Amino acid sequence: MKLSRENLLSYDPAEDCHCLDKKPIEIYMFIDPLCPECWALEPIIKKLQIEYGKYFSIKHVLSGRLATLNMNRKKGYETIADLWEKTACRTGMSCDGSLWYENPVSSPYLASIAIKSAELQGKKKGIRFLRKLQEVLFLEKQNVSNFDVLKSCARSVGLDVEEFVTDIHSETAAKTFQCDLKITNEMGVQEIPTLVFFNANVEEEGIKITGLYPYEVYVQILEEMLQQKPDAAQPPSLEQFLQQYKMVASKEVAVVYDMTVPQAEKELKKLMLKQIVEQIPAKYGMFWRYLEG
């Protein structure tokens, strides 16, 4: 779907977006931290960044599509739990739907505000915080609207926790989230995840793609936007990959390195024997944590 960029020009959240590298393509990635399909998009985004990251930058926009969960209706929780289980089975990115029966997220709004608060300490730290929040939510079944859980996530990714807590209650974090919601509405984003690709020419239309597609579709869009075939960079060694991302799913390794999941796990077990990684069992599939030092 083609989109005009005019209604994005005023978008300037408090994050350090003015420091973004000027690259030919800018991708607006509309997500919700509680959305299993956004979680399932992670392997593709990692591969895209590794192979073609020199051509594009990503701007995360929180859609607030699950904010309506600020209610206590059992049927709503059952629907989400079922969606989580089906998404995990279909995509290979584990998420445990039993959270919604045992420890449901009481305030999705607070989880989103926490992400915007983390972004105030830098774009990279904000992205790391988002990933950590997804891990404790989908894998550990923790309530990510609990302040202690949020502070633990902040601490583990190197945020200044005191500043993070102050920012959660600040007008700045609330305004940047409201800005995300405004952009979501203006761009007509009805489903998540949604990616909108723009090139350097502000007057040209963007391309909107909603949902999950094979990796080749995203590469094809990059080619169309660049009007040439981009050169794919080689991925780093598996050990370097794990060192960078700290914890990854077998599925993510399989996608990035063009392997089957069994092939990926065979290679990961070699690193485990060398005590470079440890195995983290999940409800669906396996995760691997890099061992520092």
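Visitor: At what distance does the backbone oxygen of Val255 lie from a polar atom of the side chain of Lys47?

Guide: A polar contact is a pair of N or O atoms within 3.5 Å; within protein, one must be able to donate a hydrogen and the other to accept it, and residues adjacent in sequence count only if both atoms are side-chain atoms. Here the distance from the Lys47 side chain to the backbone oxygen of Val255 is 3.4 Å. The side chain of Lys47 also reaches the backbone oxygen of Val256, at 3.2 Å. One caution before we go on: this is a predicted model, in which local features need pLDDT of at least 70 and side-chain atom pairs count only at pLDDT 80 or more, while totals for chains, interfaces and linings use all residues. Residues are numbered from 1 along each chain as its sequence is written, and side-chain values use heavy atoms, with hydrogens and water left out.

Visitor: Is Lys47 buried or exposed?

Guide: Buried means under 20% relative accessible area, exposed over 50%, and partly exposed in between (1.4 Å probe, protein chains only). Lys47 counts as buried because its relative accessibility is 3%. A contact means heavy atoms within 4.5 Å. Leaving aside residues up to four places away in sequence, Lys47 touches Tyr215, Val255, Val256 and Asp258.

Visitor: Where in the secondary structure does Lys47 sit?

Guide: Helices (H or I, at least four residues) and strands (E, at least two) are DSSP runs, numbered from the N terminus. By that count the chain has 13 helices and eight strands, and Lys47 belongs to helix H2 (residues 42-52). Of the 11 residues of H2, 10 are buried, so this helix is largely enclosed by the rest of the structure. Among those buried residues are Glu42, Lys46, Lys47 and Glu51, together with Ile44, Ile45 and Ile50.

Visitor: Which residues have the most contacts inside the largest nonpolar core?

Guide: A nonpolar core is a set of buried Ala, Val, Leu, Ile, Met, Phe, Trp, Tyr and Cys residues joined through side-chain atoms within 4.5 Å. The largest one here has 68 residues, and those with the most contacts inside it are Trp100, Phe129, Val144, Phe164, Leu195 and Phe197. Helix H10 (residues 215-226) gives the most to this core, with seven residues. At least three residues come from each of domain 1 (2-8 + 22-187) and domain 2 (238-290); such bounds come from an automatic or database domain assignment. Apart from this core lies another, of 16 residues, including Ile50, Val248, Leu268 and Trp288.

Visitor: What does Val144 touch?

Guide: Not counting residues up to four places away in sequence, Val144 touches Leu34, Val105, Ala111, Leu133, Val136, Leu137, Val149 and Leu150.

Visitor: How do I read the buried side of a helix? Which residues of H13 are buried?

Guide: Start with the length: the expected span of a helix is 1.5 Å times one less than its number of residues. H13 has 13 residues and reaches 18 Å from its first C-alpha to its last, close to the expected 18 Å. Its buried residues are Ala264, Glu265, Leu268 and Leu271. Viewed down the axis of H13, the buried residues fall within an arc of 110 degrees, so they line one face of the helix; the arc is that of the directions from the helix axis to the C-beta atoms. The face turned away carries the exposed residues Pro262, Lys266 and Leu273. The cover over the buried residues of H13 includes helix H11 (238-245), helix H12 (250-256), E7 and E8.
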